[in-house]
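Hi,

Here is the structure I promised to pass on. Have a look at it first, and then read on for what turned up.

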Amino acid sequence: MDGTLVDSEKVWTVSLVETARRLGGELSASAREDMVGSNMARTLVIMFDDLGLAHDPARMAEAAEWMTARTGELFAQGLEWRPGAQEALRMVTAAGWPTALVTNTGRALTEMALEGIGREHFTVSVCGDEVPRGKPDPDPYLRAAELLGVSPEECLAVEDSPTGTLAAERAGAAVLVVPCEVTVPTGPRRVHRASLVGLTAADVRFSYAQARGERVA
């Protein structure tokens, strides 16, 4: 969702920077980059380490609560689509393919985002606070495949971050990488594309076959 369908990473940057300042410090650029695609728990660890703060559970929980509320305020102002994402969703829906929204964002914020994205595009959705471990662990994608009633190997994940790409890859899915904020390394089960603009059903099939190492004409 964040960075793939909607340009919400910029929104998260605002709430992350403001949270760091409430904690008495300034978030470094390298720490912010490491947070792209992460879940809340890992994001807080990165932030507290970056600010030189002890991992005090109560303070981290308060920071998470404040950050979630602030991000919700920003989400409510509207989220900008990533180039070609809206048309790509409509194409996938028209093709009749079962589709899962797999995000590290918590359910409450995801529901807010879905008001604008359109929940009708997704057969199921899996959020970061609904699995034992979020991305980069495979749990979210394994759960999504389970809910769809397919094996992960039958799935093509569309990801924008190294964290999300690694999660999908670890689950066994092929990955179509469309980078947003940070560069995503190449890999044996990854196909890169500059944007979702002009994506067709044939492109999806081709990307899936190519990422799986199958011969394509």
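A quick definition before the sheet: two strands count as paired if DSSP finds at least two bridges between them. Helices (H or I, at least four residues) and strands (E, at least two) are DSSP runs, numbered from the N terminus. Bear in mind that this is a predicted model, where local features need pLDDT of at least 70 and side-chain atom pairs count only at pLDDT 80 or more, while totals for chains, interfaces and linings use all residues. Residues are numbered from 1 along each chain as its sequence is written, and side-chain values use heavy atoms, with hydrogens and water left out.

**Overall picture**

The protein has 9 helices and 5 strands, and along the sequence they follow the pattern α-α-α-α-α-β-α-β-α-β-α-β-β-α. Its radius of gyration is 17 Å, close to the 17 Å that the globule rule gives for 217 residues, so the protein is as compact as a globular protein of that length. (That radius is taken over C-alpha atoms, and the rule is 2.2 Å times the number of residues to the power 0.38.) The C-alpha trace spans about 55 × 35 × 30 Å along its principal axes. Of the 217 residues, 49% count as buried, meaning under 20% relative accessible area with a 1.4 Å probe and protein chains only (exposed is over 50%, partly exposed in between).

**The sheet**

Three strands form an open, parallel sheet in the order β3-β4-β5. The edges are β3 (156-159) and β5 (190-192), each with a single partner strand, so one side of each has no neighbour in the sheet. Neighbouring strands are turned by 25 degrees against each other on average, direction ignored; axes here are lines fitted to C-alpha atoms, for helices over the stretch in contact, and angles run from 0 to 180 degrees between N-to-C directions.

Between β3 and β4 (residues 174-177) there are 4 bridges. Leu156 sits opposite Ala174 in β4, and Ala157 has Val175 as its bridge partner there.

Which way do the β4 side chains point? Ala174 and Leu176 go one way and Val175 and Val177 the other, and all are buried.

Contact means heavy atoms within 4.5 Å.

**The cores**

The largest nonpolar core has 41 residues, and Met47 and Ile117 have the most contacts inside it. Such a core is a set of buried Ala, Val, Leu, Ile, Met, Phe, Trp, Tyr and Cys residues joined through side-chain atoms within 4.5 Å. α4 gives the most to this core, with 6 residues. Leaving out residues up to four places away in sequence, Met47 touches Leu16, Thr19, Ala20, Leu23, Leu27, Met35 and Met67. Another core lies apart from it, with 15 residues, among them Ala145, Ala167, Ala168 and Ala173.

A cis peptide bond joins Lys135 and Pro136, with omega about 20 degrees. Pro136 lies in the loop between β2 (124-126) and α7 (139-148).

Cheers
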